[in-house]
Amino acid sequence: MNAIELLKADHEKVKSILAQLSESTDRGIKKRTDLLAKLEMEITIHTRLEEEILYPAFKQAGGKDEAEMYYEAKEEHRTVDSLVLPDLKVTDPSTPEFAGRVKVVKELLEHHIEEEETDMFPDAEKLLGKEALEALGEQMETMKAQYRKDAQAA
Ligand SMILES: [Fe+2]
Ligand SMILES: [Fe+2]
């Protein structure tokens, strides 16, 4: 899989977890807790693949517009990873507050994914080309495999 295909496959997984989370109810406490753990795991590795592999290559290959997109996307990652997800994790899953926060996470992530897929990724495909994207995809597979191994060992 090339880098873009791999990241898009991750997006589908994230969107499906978000859909399940938003359909869950205040009584499905275990379900909510499990889904939230799954979401966090997916997002953590996905964000690393982007910030450590795709984004730097994209920024380097591009100009001013790409630099702006790069910083905007990183800021959105930071919002989710440092503010919204940590808050959600300490919210009682049996409450409507949890559902409200899930809604915000879902909106933020869907907006972010949409921008990546409609603006950044097509631009990256043009700027980087097939071969580079294949190579970046391989780096991503390696990083993902290592992450899974570490997660299992932990
Ligand atoms: Fe992203
Ligand atoms: Fe992404």
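Helices (H or I, at least four residues) and strands (E, at least two) are DSSP runs, numbered from the N terminus. With that in hand, welcome to a predicted model whose chain holds 4 helices and 0 strands. From the N terminus on, the order of elements is α-α-α-α. The radius of gyration is 16 Å, close to the 15 Å from the globule rule for 154 residues, so the chain is as compact as a globular protein of that length; this radius is taken over C-alpha atoms, and the rule is 2.2 Å times the number of residues to the power 0.38.

**Ground rules**

- Local features need pLDDT of at least 70 and side-chain atom pairs count only at pLDDT 80 or more, while totals for chains, interfaces and linings use all residues.
- Residues are numbered from 1 along each chain as its sequence is written, chains are lettered from A and ligands numbered from 1 in the order in which they are written, and side-chain values use heavy atoms, with hydrogens and water left out.

**The chain as a whole**

- Along the principal axes, the C-alpha atoms fill a box of roughly 50 × 35 × 20 Å.
- Of the 154 residues, 38% count as buried (under 20% relative accessible area; exposed is over 50%, partly exposed in between, with a 1.4 Å probe and protein chains only).
- Take the contacts (heavy atoms within 4.5 Å) between residues at least 6 apart in sequence: 79% of them join residues at least 24 apart.
- The chain exposes about 8,800 Å², of which carbon and sulfur atoms supply 52%; the areas come from the Shrake-Rupley method with a 1.4 Å probe, and for residues only the protein chains shown count as cover.

**Helix 3**

- Helix 3 covers residues 64-89, and its 26 residues reach 36 Å from first C-alpha to last, close to the 38 Å expected at 1.5 Å a residue (that is, 1.5 Å times one less than the number of residues).
- At Val80 this helix bends by about 30 degrees, the angle between axes fitted to the seven residues ending there and the seven starting there.
- Its buried residues include Glu66, Tyr70, Glu76, His77 and Val80.
- The buried residues of helix 3 pack against helix 2 (29-61) and helix 4 (96-153).

**His112, on helix 4**

- His112 is found in helix 4 and is buried, at a relative accessible area of 5%.
- Its side chain makes a polar contact with the side chain of Glu76 at 2.6 Å (a pair of N or O atoms within 3.5 Å; within protein, one must be able to donate a hydrogen and the other to accept it, and residues adjacent in sequence count only if both atoms are side-chain atoms).
- Beyond neighbours within four places in sequence, His112 is in contact with Glu50, Tyr55, Ala73, Glu76 and His77.

**Asp87 and Thr91**

- Asp87 lies in helix 3 and is partly exposed, at 36% relative accessible area.
- Thr91 sits in the loop between helix 3 and helix 4 and is buried, at 6%.
- A polar atom of the Thr91 side chain lies 2.7 Å from the backbone oxygen of Asp87.

**Asp26**

- Asp26 is in the loop between helix 1 (3-23) and helix 2, and counts as partly exposed at 32% relative accessibility.
- The side chain of Asp26 makes a polar contact with the side chain of Arg32 at 3.2 Å.
- Although Asp26 and Ala99 are 73 residues apart in sequence, their C-alpha atoms are 7.8 Å apart in space.
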